[in-house]
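Reader: Please take me through this protein chain by question and answer.

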Amino acid sequence: MRIYGVLLAAYLILGLLSPPLSQGAEAGKDLFASRCQGCHGADGKGNQTMAKALQTNIPDLTSKDAAKIPEKEILEVISKGKGKMPPSTGLSDKDLKELAAHVKGISKGK
């Protein structure tokens with residue numbers, strides 16, 4: 001039950017339940033900052049404090065391994081969640097695509 005409390009706190013603290021940001025040229029980056037960086041870090045390398053609290057490994061999104069992940073799979077993880085990462089809610093298809101493109105853009109493959 002403790003893990004659910006940590007996840008709920010993360011949602012509330014990180015604004016994961018807030019409505020999506022306005023659409024614009026920086027939308028993917030802005031969405032990442034508001035919804036993802038609490039766990040994945042501002043640079044995408046992973047927040048080790050959050051990883052410890054959740055007792056999980058948060059992948060480095062800037063790695064060459066992350067660069068090999070197809071955008072379609074990134075979209076699925078964002079929208080459906082994976083492991084201890086909950087699904088992102090309240091995002092339009094456009095938001096999801098912009099967020100996935102940003103994640104692909106911060107990998108060392110680009």
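Author: A nonpolar core is a set of buried Ala, Val, Leu, Ile, Met, Phe, Trp, Tyr and Cys residues joined through side-chain atoms within 4.5 Å; buried means under 20% relative accessible area with a 1.4 Å probe, protein chains only. The model is predicted, so that local features need pLDDT of at least 70 and side-chain atom pairs pLDDT 80 or more, while totals for chains, interfaces and linings use all residues. Residues are numbered from 1 along each chain as its sequence is written, and side-chain values use heavy atoms, without hydrogens and water.

Reader: Which element gives the largest share of the largest nonpolar core?

Author: The largest nonpolar core has 11 residues, including Leu31, Phe32, Ile74 and Leu99. Two or more residues each come from α2 (27–35), α6 and α7, helices being DSSP runs (H or I) of at least four residues, numbered from the N terminus. The largest share, four residues, belongs to α7.

Reader: Which residues does leucine 99 contact, leaving aside neighbours within four places in sequence?

Author: Leucine 99 is one of the residues of the largest core. Contact means heavy atoms within 4.5 Å. By that criterion, its partners are Gly28, Leu31, Phe32, Cys36, Ile78 and Leu91.

Reader: How far apart in space are serine 88 and cysteine 36?

Author: Serine 88 lies in the loop between α6 (71–80) and α7 (93–106), and it touches Arg35, Ile78 and Ser79, not counting residues up to four places away. In sequence, serine 88 and cysteine 36 are 52 residues apart; in space, C-alpha to C-alpha, the distance is 9.3 Å.

Definitions and conventions
Buried < 20%, exposed > 50% of the residue type's maximum accessible area, 1.4 Å probe, protein only.
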